[in-house]
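Subject: Structure handover

Hello,

Here is the structure you will be taking over. Please look through it first, then read my notes below.

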Amino acid sequence: DHDPGAFDEAFALSVRKVLHIRYTLLPYMYTLFYVASTQGNTVIRPVYHEFVTDSNTYGIDRQFLWGPAFMISPVLTQGATSVTAYFPDARWYNWYDGSEEPYRGESSTVAAPADIIPLHIRGGFILPTQKPGNTTEVTRLLPMGLIVALDDDFTASGGLFWDEGDTINTIEDGQYFEASYTVSEGNLQSSVENDGYPGANSLIFDTISLYGETSEITSVMVNGEMCTDFDYNSQTNVLLITNLNL
């Protein structure tokens, strides 16, 4: 038997952690599939598709990307507790704590204990997320969030596509919700591109995580009002805004 329950509790806990990460990223993945269906982009892609001028990426077959922004460097050797990962010339942030990696255009040995897959977010992109439940049906009803990973110019962009999830031809019939997100000069803006799915009105945005802001953040405003539920970690340069209820 190969299902998680056939192994020990430690293995089950590790699998649960990984599944929760995947469920957290379902809005990002769902949006990637929307872009793939309407524009022909790939969902899972080799690293060199995003860094075509970097010849060091041409032979990489032990790392890959979800879309343009999420890099996965899996352990493919039995018993290994680290991997050698290549970081193309961009800002890269550790998925687990949002800290910026010091590597650019170079390879590095990355720790990968049994319950950790090396995961990194590329600067310049905004990833929609959702609080993970135990099923996709439950997850779809839980609060959403944004991960904002800044690039060298302290800008980022991204989007969200959302529909009923089962109905066909929602794109053709305009029965979907689409929003775009941009960050520049310390401001995050959201723009609704299509508002054809009434179910989107029941979704709540609750958290925003901002990675890579090196200036001390002492105040946050949301829709013109002061926000007090935030924490800025000057060691990792991570800003976490919570309890937004937007």
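**What was found**

Ser-209 has Leu-240 in E17 as its bridge partner. Strand names follow DSSP runs (helices are H or I with at least four residues, strands are E with at least two, all numbered from the N terminus). Two strands count as paired if DSSP finds at least two bridges between them.

Some ground rules before the rest. This is a predicted model, in which local features need pLDDT of at least 70 and side-chain atom pairs count only at pLDDT 80 or more, while totals for chains, interfaces and linings use all residues. Residues are numbered from 1 along each chain as its sequence is written, and side-chain values use heavy atoms, leaving out hydrogens and water.

E13 and E17 run antiparallel and are joined by four bridges. They belong to an open sheet of eight strands with mixed pairing, in the order E12-E11-E10-E8-E9-E13-E17-E16. At the edges are strand E12 (187–195) and strand E16 (230–233), each pairing on one side only. From one strand to the next, the twist averages 15°.

E16 pairs with strand E17 (residues 238–241) over four bridges, in the antiparallel sense. There, Asn-233 is opposite Val-238 of E17. E9 and E13 run parallel, with six bridges between them. Val-148 has Leu-210 in E13 as its bridge partner. Strands of a sheet pair through backbone hydrogen bonds, either parallel or antiparallel.

How much of strand E13 (residues 205–211) is buried? Five of its seven residues are, which leaves the strand mostly covered. The classes go by relative accessible area: buried is under 20%, exposed is over 50%, and partly exposed is in between (1.4 Å probe, protein chains only).

Axes are lines fitted to C-alpha atoms, for helices over the stretch in contact, with angles from 0 to 180 degrees between N-to-C directions.

**The five-strand sheet**

A second sheet is open too, with five strands in the order E1-E2-E3-E7-E5 and antiparallel pairing. E1 and E5 are its edges, each with a single partner strand, so one side of each has no neighbour in the sheet. E1 and E2 run antiparallel and share two bridges. Arg-45 stands opposite Leu-65 in E2.

**Salt bridges**

A salt bridge is a side-chain nitrogen of Lys or Arg within 4 Å of a carboxyl oxygen of Asp or Glu. By this rule there are six. Among them:

- Lys-17 with Asp-115, closest N and O atoms 2.9 Å apart. Lys-17 is in helix H1 and Asp-115 is in the loop between strand E6 (106–111) and strand E7 (119–122), so the pair ties together parts 98 residues apart in sequence. Lys-17 is partly exposed at 32% relative accessibility. Asp-115 is partly exposed at 32% as well.
- Glu-50 with Arg-122, closest N and O atoms 2.8 Å apart. Glu-50 is in the loop between strand E1 (44–45) and strand E2 (64–66), and Arg-122 is in strand E7, so this pair ties together parts 72 residues apart in sequence. Glu-50 is partly exposed at 22%, whereas Arg-122 is buried at 13%.
- Arg-104 with Asp-89, 3.0 Å from N to O. Arg-104 is in the loop between strand E5 (92–94) and E6, and Asp-89 is in the loop between E4 and E5, 15 residues apart. Arg-104 is partly exposed at 32%, but Asp-89 is exposed at 54%.

Arg-45, Glu-50 and Arg-122 are linked in a network of salt bridges.

**Surface**

Which residues form a nonpolar patch on the surface? Val-18, Tyr-96 and Ile-117 do, with about 210 Å² of accessible area together. Patch residues have over 30% relative accessible area and no salt bridge; like charges are joined within 9 Å, nonpolar side chains (Val, Leu, Ile, Met, Phe, Trp, Tyr) within 5 Å. Areas come from the Shrake-Rupley method with a 1.4 Å probe, and for residues only the protein chains shown count as cover. Val-18 lies in helix H1 (residues 9–24). Its relative accessibility is 31%, so Val-18 counts as partly exposed.

Regards
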